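Please read the following report alongside the sequence and the three-dimensional model, and look up each residue as it is mentioned.

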Amino acid sequence: MRLTSVELTLVRLPLVRPFETSFAVVDAQEFILVAARDGDHVGWGECVADVDPYYSSETNVTAWHILSQYLIPAALGRSIDGPRALAVLWARVRGHRMAKAALEMAVWDLDARIAGLPLCERLGARARPIPAGVSIGIHPIDGLLAAVERELADGYQRIKIKIKPGWDVEPVRAIRSRFGGVPLMVDANAAYRASDGPRLAQLDTFDLMMIEQPLDHDDLVEHAELQKAVRTRICLDESITGPKAAADAIALGACRVINIKPGRMGGIGPAMAVHDLARAAGVPLWHGGMLESGIGRAHNLHLSTLPGFVLPGDIAASRRYFVPDLIEPPIDVSPGGTVAVPSGPGIGVTPVPDRVKAATLRTERFSA
Ligand code: OSB
Ligand code: MG
């Protein structure tokens, strides 16, 4: 394969409803779309960086800089032996995993389209219905209960709510008393300190599936201490930057579950490495989400077909986020709470040009 051109497009899409976490409230998503071409073939990727450096230190501006000045020049015009070859070309670029993932994932799509295969088959798996959960932002109790009711009615198989210090036991208790034993978990997005252990241990009485990323984004040791002090399983998201962090986290006992997001770990190659080592260690996995459009969402569905993904993920229907989504047909959830992997070559979906155009803030094309 040879990369003959790469096009970056910064787009802005309003969210169907605002999303509040421990670190921000967002009412729109701004992200970089990547189109990677080999002659007439095109593959698509989506960068999961945000406007602000709150979930991660990367932003759309840093990702654009790293892609345009380093990652694209290193790859453009070269004959490469598939998407895994990119990591070698980019070895000198430290970090910037979201920027790397955006182009790496576009090249995986391109590679699968050239081969005429669905991406999941290119990854050695097969399409299967993907069990879907939802991530619900921070809302006052009434709105929260209404949201849970709506999502369960739509079929979703597990509920995740966002928590923060001072907003944890109360919403969990309210959901348990109204909806009984629904599969339930919480995500703190790194909002607690090690000294909050006793507070987090109060969640043990609610039979949660897990507590996601309670402590710092770059911490493993304190998570391992906390995991000894709480019965509920700890899941890591932000802290799992790649295979090295995943191996260390497992060795230390910092988590008993891992949330995989290729978009934040440098792409599908590193995500598959995390998958393989976690599976070998018996650590269950699920696939996270970053409020992606249908491009990133389709990538996530294909990766979720791998056998280590045994818990419902955060990959929900397009209409929970964007109406319309950038892609056709939209991604939907079945009444049984599963999402189908788009069929056809590559990721199986393509953006609608008029919708991309209407959402575009900035675009630049790089040719060999
Ligand atoms: O921590 O999993 C997270 C959204 C943006 C950034 C981080 C996270 C999330 C979500 C929503 O929880 C997942 C989704 O529905 O895409
Ligand atoms: Mg999370």
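In this predicted model, a polar side-chain atom of D237 lies 3.1 Å from an oxygen atom of ligand 1, a polar contact being a pair of N or O atoms within 3.5 Å. Taken alone, ligand 1 exposes 380 Å², of which the protein buries 97%, where accessible areas come from the Shrake-Rupley method with a 1.4 Å probe. The table lists contacts of this kind.

| Residue | Distance to an oxygen atom of ligand 1 |
|---|---|
| K162 | 2.9 Å |
| D187 | 3.0 Å |
| D237 | 3.1 Å |

Residues are numbered from 1 along each chain as its sequence is written, while chains are lettered from A and ligands numbered from 1 in the order in which they are written. Because the model is predicted, local features need pLDDT of at least 70 and side-chain atom pairs count only at pLDDT 80 or more, whereas totals for chains, interfaces and linings use all residues, and side-chain values use heavy atoms, with hydrogens and water left out.

Around ligand 1 there are 15 residues, of which S135, K162, N189, L291 and Y321 come nearest; a residue counts as near if one of its heavy atoms lies within 4 Å. By class, this shell holds 5 nonpolar, 3 polar and 7 charged residues, with Asp, Glu, Lys and Arg counted as charged.

Turning to the cysteines, the count of disulfides, defined as pairs of cysteine sulfur atoms within 2.5 Å, comes to 0. C235 is in no disulfide, and the nearest cysteine sulfur, that of C255, is 7.0 Å away. C235 is buried, with a relative accessible area of 0%, where buried means under 20%.

Notes. A polar contact is a pair of N or O atoms within 3.5 Å; within protein, one must be able to donate a hydrogen and the other to accept it, and residues adjacent in sequence count only if both atoms are side-chain atoms. Buried means under 20% relative accessible area, exposed over 50%, partly exposed in between (1.4 Å probe, protein chains only).
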